[in-house]
Amino acid sequence: MLFDMDGTLVDSEKLWDVALRELAAEYGGVLSAPARLAMVGTSMAASMRILHDDLGQPERDPEASAAWINARILELFRTGLRWRPGALALLGAVRTAGIPTALVTSSGRALVEVALDTLGRDSFDAVVCGDEVDAAKPHPEPYLTAARLLDVPIERCVAIEDSPTGVASALAAGAAVLAVPAEAPLEPRDGVHHLESLTAADLELLAALLGEPPA
């Protein structure tokens, strides 16, 4: 099992909203809704480029902006991180069943370490962070890396994602994909199973996505 984090397991996109809008205000502007939507599921570097372009300030240093966002989001994660509906129960069922499990996120390691206080450090056999791969989502590398760390063929993995960027990454890697939208709408795509909420997901569904008979 390969789980995305932001918007999939935890309702953190709203916290990113706060930090990003605060940074835009710090720069004397207002982040537009289309720009914010375009950031969902992307790397920090890509998000900062989108923000700067949206504000008409492409000359700004993306590393400085990223440092500001990272500091603010760490504060928010420590106090305001909440599970997405059905996520805790599904993760618990997967772990109880002994299924190899990885967290595959575009967030950086420092932020993920804070999130793991909520998610549980024993919840995953492997963790792949956005700042620990050469190519971020939508490139397939994050999911291919996770499958390799689990020593499971990617074709035998189900990836759960909430964003178009994440779905594209998982599909390109060759995983079965379960898409559960949070902030960004998800268009139907071949090879992607859609649910409105993880409250409707269970081990039987995950097995079906891999073409396995019910247990």
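Start by selecting Ala184, then show what surrounds it: beyond its neighbours within four places in sequence, Ala184 is in contact with Leu37, Val40, Asp162 and Pro164. Keep in mind that you are looking at a predicted model. Ala184 belongs to the loop between strand S5 (176-179) and strand S6 (192-194). Is Ala184 buried or exposed? Its relative accessibility is 4%, so Ala184 counts as buried, the cut-off being under 20%.

Next, the core. Select Phe3, Phe77, Leu103, Leu119, Phe124, Ile160 and Leu178: of the 49 residues in the largest nonpolar core, these touch the most other members. Zoom in on Ile160, whose contacts beyond four places in sequence include Met1, Phe3, Leu90, Tyr143 and Leu198. Then try Val128, Tyr143, Ala147 and Val167, which are among the 21 residues of a second, separate core.

Of its 29 lining residues, pick Trp16, Thr42, Met44, Ser106 and Ser107, the closest to the centre. Which helix gives the largest share of the lining? That's H3, with four residues; colour helix H3 (44-54) to see where it runs.

Last stop: rings. Select Arg60 and Tyr27, and you'll find the charged end of Arg60 over the ring of Tyr27, 3.5 Å from the ring's centre. As for aromatic pairs, a search of the whole structure finds zero.

Conventions. Residues are numbered from 1 along each chain as its sequence is written. This is a predicted model: local features need pLDDT of at least 70, side-chain atom pairs count only at pLDDT 80 or more; totals for chains, interfaces and linings use all residues. Side-chain values use heavy atoms; hydrogens and water are left out. Rings of Phe, Tyr and Trp (its six-membered ring) pair if their centres lie within 6.5 Å; planes under 30 degrees apart count as stacked, over 60 as edge-to-face and the rest as tilted. A charge sits over a ring if NZ of Lys or CZ of Arg is within 6 Å of the ring centre and within 35 degrees of the ring normal. A nonpolar core is a set of buried Ala, Val, Leu, Ile, Met, Phe, Trp, Tyr and Cys residues joined through side-chain atoms within 4.5 Å. Buried means under 20% relative accessible area, exposed over 50%, partly exposed in between (1.4 Å probe, protein chains only). Contact means heavy atoms within 4.5 Å. Helices (H or I, at least four residues) and strands (E, at least two) are DSSP runs, numbered from the N terminus. On a 1 Å grid over the protein atoms alone, a cavity is a set of points where a 1.4 Å probe fits but cannot get out, and a pocket is an open set with protein on both sides within 12 Å along at least five of seven lines; lining residues have an atom within 4 Å of a point.
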